[in-house]
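Here are some notes on the backbone and helix packing of this entry, for checking against the coordinates.

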Amino acid sequence: MLLHASAPASWSAPDLAQRLYVAPAEAREVLDYLRRAGMLRAGASASSYLFSPRREELRKLIDTLALLYSSHLVEITLLIHAKLDRVAHHRASAAGGKADT
């Protein structure tokens, strides 16, 4: 949503990491994942990315998500965090430990 909202600005992993309060390596993984998924393309420099979906259907889907996100921020945030909690619990169970929830 951040890259969508700031288009056509480009983002580097350190810029995104600072904005999202994550490690630059995590931000780089996210940017690479979104690029492979067809949501981003390389920016002016090899280490920057910008929002540019490969397919028009994907652009329309992301535009719709952005509209919903702006009007249902709390609900979508809760949904995302519930999913992340389930993933963490599953990983901890698979590793034989307990998840912190």
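1. Confidence. This is a predicted model. The protein has a mean pLDDT of 85, and 85% of its residues reach 70 or more. Strand S3 (residues 48–51) has the highest confidence, with a mean of 94, while the lowest is found in helix H5 (residues 73–94), with a mean of 72.

2. Helix H3. This helix covers residues 24–36, 13 residues in number. From its first C-alpha to its last it reaches 18 Å, close to the 18 Å expected at 1.5 Å a residue. After H3 comes Gly-38, with a positive phi near 90°.

3. Geometry of H2 and H3. Two packed helices are described by the angle between their axes and the distance between the axes. For helix H2 (residues 13–20) and H3, the axes come within 8 Å and cross at roughly 110°. Angles of 65 to 115 degrees count as roughly perpendicular, so H2 and H3 are roughly perpendicular to each other. The crossing of H2 past H3 is right-handed.

4. Residues at the crossing. H2 contributes Ala-13, Leu-16 and Ala-17 to the contact, and H3 contributes Pro-24, Ala-27, Arg-28 and Leu-31. By class, the residues of this contact are 6 nonpolar and 1 charged, with no polar residue.

5. The loop between H2 and H3. Tyr-21 is located in this loop. Its phi is positive, about 60°, although Tyr-21 is not a glycine. Please look at this residue in the model.

6. A cis peptide. Which two residues does the cis peptide bond join? The bond is between Ala-7 and Pro-8, with omega about 10°. Pro-8 belongs to the loop between helix H1 (2–6) and strand S1 (10–12).

How values were computed
Residues numbered from 1 in each chain as written. Predicted model: local features only at pLDDT ≥ 70, side-chain atom pairs only at ≥ 80, totals over all residues. Heavy atoms only, no water. pLDDT = per-residue confidence, 0-100. Helix = DSSP H or I, 4+ residues; strand = E, 2+ residues; numbered from the N terminus. Expected span 1.5 Å × (residues − 1). Axes fitted to C-alpha atoms, helices over the stretch in contact; angles between N-to-C directions. Parallel < 35°, antiparallel > 145°, perpendicular 65-115°, else oblique. Left-handed = near helix turned anticlockwise from the far one by under 90°. Contact = heavy atoms within 4.5 Å. Nonpolar A, V, L, I, M, F, W, Y, C, P; charged D, E, K, R; others polar.
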